[in-house]
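Please examine the sequence and the structure before reading the notes below.

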Amino acid sequence: MKDPLFKLALRSVLPWGSSILGLPERYLRLMVACGAGAGIAATFNAPIGGVMFATEVILGSFALQNFTAIVISSVISAAIGRIYLGNHPSFPVPIYHVGHFSVYWMYVVIGLLSGVWGFVYIKVLYRIEDWFDARRWPFWAKALLGGGLVGFIGIWFPQVFGVGYEWVDQALSNHLGLKLLLALLVLKLLATSITIAAGGSGGVFSPGLYQGSMLGGAIGVLMYILFPHSGISPGAMAAMAMAGVFAGSAQAPVTSIMMLFEMTGDYNMILPLMITSVLAATVTSMLSKDTAYCLKLVRRGLDIARLRHPDRMKAISVGEAVAKERLTLVSVMTVAEAWERFAQSAEWFALIRTEQGVLLGSVARAKVLEGLNNHRGKDSISDLLPETVHRIQERATLAEALAEMNRYGVTYLIVCRDDVAVGVIGSADIIHAYKNVE
């Protein structure tokens, strides 16, 4: 079981780095990348692929200060892996015939189809998860249904159980028939999606390789029937599609090229690998901006792609910039009472809430002092609020917040989580967040 080893390496660095070492967030992200790269390097005997996975998929950056640490981690991990697991490719395959350059159009077809399947993989995976999440059932009921469905599939097709690398080997060696390849392609997708959606433990990396090999194997058989003199081994097409589906679902063509080259050990495949991987990643990115690895994080409010944005104002969400503690006034207070609270505090702004805790807006210290000087001390503090208080969702970026403030000519916005007001963001909060971003 190679996927659990990879997931363990990825998870183990999180609590250790944050709680014991007390590292800042940027170093914690680097530790996660080092752990992920090391896990890939050792499990698949692919040190370069591990480095590329960590930099391209996890960090999205090839900065030297990150690259050095990841390389060291991957090299040490791969060396230890070779001592205990041996120094050989993960998928021992025959020497493939990739054909003359005149038939490379076939790899274009594989790249396009792999990209489409990468999109299907992402959508089916999360559509089934959405269906299970929408059911207000106890955990055991979801697990029972998921286990029953996967078990039902396994009665006739036990090949979908487990990681399935022995069946990947069969596809790469062209030992599976067309009907079985197509059946395993669809059923592995369903079994993986149902298992994860029902609460089971499983990754998306190995199932992606499995589906890619079945897709490519089926394409290879068809191409061999239609073009028997092309000179391309059907098993070679299985390897290409395996790279393509991973490149598409992860949108990481460089990682795909290097990993599949290392995992098969055949340099003759490098040109077709490049064609297939780049096309697959391009097609999937055109169909979906999210990847199989990041979509769950996006749904939980952690947008990895946004965090990599070179414009820091687009890399920080409104929710991240909202001040956690702020002076709060009750709307029934008078302006004079509000000024007394301001006089006891160093705050320049205060939140105004109803007695039931509903957030109405924000008032500036200067606004309260102005009201006091204009003999409005007995007026309600809520009278100082503008007629319209504009809102913004907490997942919006600071750039969007600034654009809204400029559009309406205001200095603050109510921050909402769906329809519920959760805070206020002002121009001072945006400046503070910008200055303190990692």
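This is a predicted model: local features need pLDDT of at least 70, side-chain atom pairs count only at pLDDT 80 or more; totals for chains, interfaces and linings use all residues.

Ala, Val, Leu, Ile, Met, Phe, Trp, Tyr, Cys and Pro count as nonpolar, Asp, Glu, Lys and Arg as charged, and the others, Gly among them, as polar. Residues are numbered from 1 along each chain as its sequence is written, and side-chain values use heavy atoms, leaving out hydrogens and water.

**Lining of the largest cavity**
- The lining of the largest cavity comprises five nonpolar, two polar and two charged residues.
- Its residues are Arg326, Phe349, Thr411, Tyr412, Val424, Ile425, Gly426, Ala428 and Asp429.
- Two or more of these residues come from each of β6 (420–426) and α20 (427–436).

**Helix α6**
- Helix α6 (residues 139–156) has 18 residues, which at 1.5 Å a residue should span 26 Å; the end C-alpha atoms are 27 Å apart, which agrees.
- Buried residues (under 20% relative accessible area, with a 1.4 Å probe and protein chains only) of α6 are Ala141, Lys142, Gly146, Val150, Ile153 and Gly154.
- These buried residues pack against α5 (105–134) and α8 (178–197).

**Confidence**
- The average pLDDT of the chain is 81, and 86% of the residues score at least 70.

Note on methods. On a 1 Å grid over the protein atoms alone, a cavity is a set of points where a 1.4 Å probe fits but cannot get out, and a pocket is an open set with protein on both sides within 12 Å along at least five of seven lines; lining residues have an atom within 4 Å of a point. Helices (H or I, at least four residues) and strands (E, at least two) are DSSP runs, numbered from the N terminus. The expected span of a helix is 1.5 Å times one less than its number of residues. Buried means under 20% relative accessible area, exposed over 50%, partly exposed in between (1.4 Å probe, protein chains only). Contact means heavy atoms within 4.5 Å. pLDDT is the predictor's confidence in each residue, from 0 to 100.
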